[in-house]
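Trainee: I have a model open and would like to learn how to read it. Could we go through it together?

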Amino acid sequence: MHSKGGKNLHYKIALAQINPVLGDIEKNLLKHEEFTKKAIKEKADLIVFPELSMTGYKLGDLTMEVALPYESDFFKPLLTLGKHIDIVLGFVERGKDKNSYNSAMYISEGRVKSVYEKLYPPTHGMFDELRFVARGKEIKTFDTKIGKVSMLICRDIFHPSLMFLAYASNADIVLVLSNMPLRGLKGEKPAIQETVEKAIDTYTNFFGMFVAYVNRVGFDDGLGFFGGSFVCTPSGRKLAYAGLFDEALTFAEIDSEEIFKKRQTFPLLREEDMNIVKLNFDKILEDSYD
Amino acid sequence: MTDLSLNYEVLSKFLVYFIKEEVQSNKFNKVVLGLSGGLDSAVVAYLSAEALGKENVIGILMPYKLSSPDSLNDALLIAKKIGIKHETFEITDIVDQYFKKINTTDKMRIGNFLSRVRMSILFDRTREYDAIVMGTGNKSEIMLGYTTWYGDMAAGLYPIGDLYKTQVFELAKFMKIPEKILNKPPSADLWPGQKDEDELGAVYRELDSVLYLYIDERKSMEEIISLGHSKKLVQNVIRRVNSTQFKRTIPPVAKFSARTLGIDFLYPHDMGR
């Protein structure tokens, strides 16, 4: 870790591509500790776990049984480890508003720094999330020792509007926690992996920021999660790749200078006129009620 | 003809991971499967041995007096080739004992009975081996309902349940399953001379194209016909799929309580592994 603020930052990020046990938060907590300790040993500054890393994905009626308030003592062992490394994990949040959420937690300096509730839990076909959790309402971009961070969860990244909001709030890196089930096995790569990589390629290129995508592996009731976690630079270059199907702890060295360089040579955010976006968007919203 | 090709290298890896993890999630290390001498059970046996180690796969051969001798020989060939443990239980006496009292020549009825006797034996063997029954059904037969309900459909896992028969064939080729198994016409072998493609009225390549368009691409009957498939075939396939949905769902429960199985008692299958 070097400097802060507008200055250049060098840091190491660990992608924890794990296979959680469905519904067993105790076992999963141990796995988080184990991976985090390894990442600390490797002098990583941040470790990112997948969506619902503490609980597994296809919870159904287990959802309310594994829900935890973000202040729960359950997370204490990770808060302790979080004095040495920033930790991002996925869990079912028992919200203050008495709803459950599919949430991401950012731990830093031994405390919970931010909690993001998934904005677009998919509910169609094989997905049934809104039956069990509520939708979040707010994109959160916050300052950390690695720069401005936004967190998004899985389906969120197929909504360019959310990536745009992270960009509009000048995020340096978007951390994507994912539980993307495999589908499409015709091509060289699974079709869904192609889709994710193409989307993130495009986002990083045009928004001039880093994206760390962390997807789980393993199976929940026949849904197979492919992994394939990676980091993408502001020029769409893959920095690290965790491979398909196996658990992995993969590291990437990030140099935030790349963001500055990219935004000087391709100054899209400087050009962007948020007021024009807002005016037009307000008009679209107004018209849609005509 | 619709393109049903797949990346068999990634697919076979994916299926091996599936078997490894889902067998474990069900709290087993071993699997039992019926080895018929046909392609589907051969593929599942190969995949299971790769996932779990050959010592954890038990093939059960259950010939009836009217079964083709080739079936038994081919099943033995597969068991030996993979090096898995296998057992042979001839089911003739059990079946004939029953049909001595029931006077019927209904082939379907006898065929279903054979299938359910085999199911009983497989599940009984799991007690001895502390194992789970591997399903060997493919997507074509499951979707067409060309299966025996609680017979060959009864299983703990369906590793090739999302693969059409032509895809199972290509996967088998990729996995280098003996030519002899690849080249024989698909048959349930419930009576002499029975062949899937005769009974279903078309070759699998054609059936699978129609199934794929109807199921995976959600095309209507008219759309599928306009793509060049015969009206008779398309009607037949769609009728089969729609009329056999009961085999693929939990039976309706008369719901009156707060939480009811199949309706709103929605725990996952793999909980608490």
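**Reading the sheet, the core and the contacts**

Mentor: Let's begin with helix H5 (residues 191-207) of chain A, which lies across S11 and S14 of chain A and runs at about 160° to S11(A). Helices (H or I, at least four residues) and strands (E, at least two) are DSSP runs, numbered from the N terminus. Angles run from 0 to 180 degrees between N-to-C directions, and axes are lines fitted to C-alpha atoms, for helices over the stretch in contact. This is a predicted model, where local features need pLDDT of at least 70, side-chain atom pairs count only at pLDDT 80 or more, and totals for chains, interfaces and linings use all residues. Residues are numbered from 1 along each chain as its sequence is written, with chains lettered from A and ligands numbered from 1 in the order in which they are written.

Trainee: In what order do the strands of the open sheet in chain A run?

Mentor: Strands of a sheet pair through backbone hydrogen bonds, either parallel or antiparallel. Here two strands pair if DSSP finds at least two bridges between them. The order in chain A is S8-S9-S10-S11-S14-S15, six strands with mixed pairing. At the edges are strand S8 (141-144) and strand S15 (238-241), each pairing on one side only. Within the sheet, S11 (residues 210-215) and S14 (residues 230-232) of chain A are antiparallel over three bridges, and A:Tyr213 stands opposite A:Phe230.

Trainee: Which residues of the largest nonpolar core touch the most other members?

Mentor: A nonpolar core is a set of buried Ala, Val, Leu, Ile, Met, Phe, Trp, Tyr and Cys residues joined through C-beta atoms within 7 Å. Buried means that 20 or more other C-beta atoms lie within 10 Å of a residue's own, exposed means 12 or fewer, and partly exposed is in between; C-beta atoms are placed from the backbone. The core has 142 residues, and those touching the most other members are A:Ile13, A:Val48, A:Val88, A:Leu177, A:Val211 and A:Ala212. Helix H2 (residues 39-52) of chain B gives the largest share, 10 residues.

Trainee: How many residues of chain B are in contact with chain A?

Mentor: Two residues are in contact if their C-beta atoms, placed from the backbone, lie within 7 Å. On that basis, 20 residues of chain B meet 21 residues of chain A. The chain B side has 11 nonpolar, four polar and five charged residues. Ala, Val, Leu, Ile, Met, Phe, Trp, Tyr, Cys and Pro count as nonpolar, Asp, Glu, Lys and Arg as charged, and the others, Gly among them, as polar.

Trainee: Where is there a hairpin in chain A?

Mentor: Look at S12(A) and S13(A), which form a hairpin with two residues between them. A:Asp221 in the turn has a positive phi of about 50°.
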